[in-house]
Amino acid sequence: MTERKAGGASTSHSSSTSSSEFWDGDEWGHTTQAVEDSQDAPKSAADQWDDGEEWPKTRRPMVPPPLPRPRPRAAAAPPPPPAPKPVKAVVVAPEAPKPAAPPAPPAPPAPPAPPVQKVANVEEAPPAEAEEKAPATEEVVETVEASAAETQDSATPKHDDADSQSDSTEDSSTDEAEAKSEEEEGDSFVLDGVRNDNVWGKSDQAWEAADWSEDKVEDAEDDAADEAEESSQSDNGTQPEEAKAKEEEAVVLPRGYIPSGQPAWVDAFRGNQGYLLVFVFALLVYGSLFGKRVGQMSPEPHFAFLADSLLDGRWYLKGEPRHPIHKYRMRNDWAFMDEILVTRVNGKPLAKLTKLKGQWRGRRGYRRTFSTLKGNYIIYSKDVRSSKRYHFVSFPPFPSFLMMGPMWLLGKMGYDRTRFSDISFTLFFAALSVLLLFVLLQRLSSSGVSHRNLFENLQLTLLFAFGSVFFFVATQGTVWFTALVIGTCLSFAFLIAGHDAKHPILAGIFVGFAFLTRPLLILLSLVFLFLVIHKDGKWTSPFEKDNLQTLTLFALPVAVCLFGMMMFNHYRFGAPMEFGHGYLPVVFGRVKQYGLFHAHWLPRNFYSFFLAVPEFNNTLGAFDYSKYPHIVAKYLPLIPKGMIPVLAMVQKVAAPILAGLAGVVVWRSFELRKEPHKSDPLFWGCAVAFVGLLALFWAIRLLPFPRINAHGLSLFLTMPFLLFLFFDRHRHRLFWGLLGGALIVMMVQLFYQNTGWLTFGNRFSLDYLPLLMVLVALSGITFGRLWKFALICAVAINLFGAATFNRVNYLYNTKFDSLNWIFKLFS
């Protein structure tokens with residue numbers, strides 16, 4: 001309880017209803033100004049404090065907290081009579097004592113600072129105590145303002161004591177000056193010669209927005225900067241809430257941090273540990289499908305033969321190729337060329353000995369036909385001065401370059417280097433391709449190009465590894481599939497180095513090596529050109545100084561590899577652009593008629609790329625039983641021979657009938673789940689028909705089973721997740737560059753003389769599948785239920801291909817002319 005003199009009367013201040021708060025030296029003290037009846041006039045600013053009390057020097061004035069809710073009175077006071085006009089009351093929080101004050105006692109340790117709140121945001125939630133006291137504060141402020149308004153016209157009270165009257169006169173003059181300065185300057189005024197800016201506002205809004213921080217000015221400046229930034233973002237079309245959320249995320253998350261996603265086990269794939277786990281997992285899965293073949297040599301180790309020849313300094317092989325282990329002749333896709341010196345061609349003498357490069361195609365006694373890519377010549381045996389045959393590997397040599405190092409090391413260690421295991425070699429680069437895809441997706445996410453989290457990147461990586469045609473390609477090990485695996489690995493390496501166009505030399509090296517593996521991969525240069533001239537969604541000229549320098553650095557290693565390959569072809573075949581495919585015995589006739597690339601091949605390639613489905617063949621349709629009577633006697637002893645053609649026709653329609661009935665049964669079963677109490681005649685009828693026909697066809701050996709055409713299944717059947725790209729409404733700034741590069745490579749392949757035979761799916765799609773995988777990562781496709789269903793289907797289909805291709809041969813139709821009916825439709 002504190003006694004203060006004002007107008008000769010003592011006024012009692014209670015701590016129950018306080019209007020201000022100050023430091024008492026040891027603890028928080030409360031000096032109260034009660035809300036009196038209208039008979040008590042408001043007091044001046046100078047009379048609020050006792051003359052004998054001194055404010056401590058060692059503490060700063062604290063901002064008073066909101067006032068508590070006043071306790072209700074027992075009985076309502078009668079309406080007050082008009083009171084004399086007082087001087088306008090101002091609640092003051094003094095800052096410093098008078099100069100003549102004695103030294104203050106030592107200050108105790110400062111209490112903990114209250115939580116920082118923003119001044120600019122009035123709607124921001126205050127602390128718990130402030131929330132409870134806010135309504136009471138508003139009521140008290142309204143009461144004080146109403147009392148001041150009612151007593152505005154009344155006179156100033158008189159003082160009985162002379163000393164206090166003189167002091168009051170001085171104080172009233174000071175109060176008048178302070179009131180004028182307050183009207184001019186707002187809430188800032190002068191008390192006892194000291195300027196005080198830290199006062200309570202007069203409005204309810206300022207009362208609610210009072211700051212509890214000691215650094216009020218700095219917080220206000222920070223809030224003003226935040227509001228300016230939010231307003232600029234809202235002008236640019238971004239909502240302030242979204243901008244604030246992005247800003248908070250950028251502050252909370254460290255640079256390059258990628259959210260993990262839903263499952264907890266995903267966190268195990270963070271950092272270098274995650275890269276190692278992806279590589280080891282892919283290596284184990286692929287190795288399990290290789291089985292005992294790991295460490296052995298594949299049936300067609302062409303690259304190992306070429307590496308052995310290059311180590312000996314030769315471009316060709318020693319004699320006819322034979323398998324180093326099994327010693328059988330290998331005649332599959334070996335290019336051979338006969339080089340002859342003749343004096344006469346077509347019976348006409350030549351001016352000098354002429355060298356011809358081609359192949360002997362036919363013979364009639366002494367007359368022989370010699371075919372070259374330019375035409376056929378009739379050569380008599382007596383006109384041939386010399387003849388020599390060379391065997392070549394027609395495939396580009398970069399995989400052999402990679403084999404030369406370990407093969408040389410094996411030779412130095414005393415082993416037979418010709419038995420180098422190309423299966424283990426392929427297995428390593430297959431797992432490395434999966435690792436590089438995961439690295440690429442993580443870098444795209446950490447740099448902000450992709451919005452995918454860690455879990456989604458893992459899904460895309462596993463989808464490519466086990467849900468695409470790469471699965472069965474990675475588990476073969478022969479020459480055709482080894483080239484595809486290494487080409488895919490180099491494509492991912494190029495995308496890692498060139499996705500931001502900051503490493504042009506490294507990107508050019510990878511594109512050059514990819515060209516030396518799969519020649520069509522030189523078209524990746526178009527993707528890099530797009531990345532250079534289309535930065536941040538804006539088109540720039542390729543002839544700008546920076547762009548021209550970047551493209552030049554990229555083109556140098558590509559040009560070196562291109563020139564080296566042309567020289568390699570020239571030394572082997574005498575033509576810079578001849579890789580050797582024209583000298584393959586199987587391809588020679590087709591190439592001679594139409595060429596390697598021709599529109600004649602388009603219908604067949606289009607069907608095998610996009611429309612091919614499994615063929616439902618069976619025993620009756622697969623054989624001509626009139627030529628195999630023992631098969632009829634074994635499997636169909638009770639069926640007359642005249643009925644066999646009829647039953648063969650029934651077999652052809654059995655597959656669609658059974659498939660239709662099965663589809664109806666599955667569809668109606670889902671409908672019955674919604675209403676299980678109802679019976680469905682359609683469901684039971686189709687179920688009985690399906691089971692009955694299945695038993696009947698099995699009993700008479702008419703049940704068809706699927707066989708896969710070795711020209712390959714449809715791209716969308718083996719990789720159904722690619723269909724989601726057609727329904728993607730999100731168009732990333734790199735969308736058209738990646739899609740355009742993939743479509744260009746695909747269009748060239750559609751005019752090629754080969755579909756990829758023998759294959760499970762479209763194996764040539766691996767030349768552009770890395771671009772499509774990045775396109776899926778950058779798209780707006782949501783990984784919902786439909787996506788998961790497509791992922792499961794893709795993994796199941798490609799697992800079947802990886803487990804059966806080149807292992808269960810009766811499931812595949814390996815006739816190369818099985819699609820020749822398409823040529824008849826367009827002939």
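We begin with the protein as a whole.

This is a predicted model, where local features need pLDDT of at least 70, side-chain atom pairs count only at pLDDT 80 or more, and totals for chains, interfaces and linings use all residues. Residues are numbered from 1 along each chain as its sequence is written, and side-chain values use heavy atoms, with hydrogens and water left out.

You will find 26 helices and 16 strands in the protein; these are DSSP runs numbered from the N terminus, helices being H or I of at least four residues and strands E of at least two. Of the 827 residues, 41% are buried, that is, under 20% relative accessible area, with exposed over 50% and partly exposed in between (1.4 Å probe, protein chains only).

Now look inside. The largest nonpolar core has 129 residues, and Tyr286, Phe470 and Trp787 touch the most other members. Such a core is a set of buried Ala, Val, Leu, Ile, Met, Phe, Trp, Tyr and Cys residues joined through side-chain atoms within 4.5 Å. Apart from it lies another core of nine residues, including Tyr390, Phe392, Phe573 and Val591. In soluble globular proteins, nonpolar side chains tend to be buried together.

Tyr286 deserves a visit. Leaving aside neighbours within four places in sequence, Tyr286 is in contact (heavy atoms within 4.5 Å) with residues including Leu427, Val434, Phe466, Phe470 and Thr475.

Finally, find Trp315 in the loop between helix 7 (302-311) and strand 7 (335-345). Trp315 is partly exposed, at a relative accessible area of 35%.
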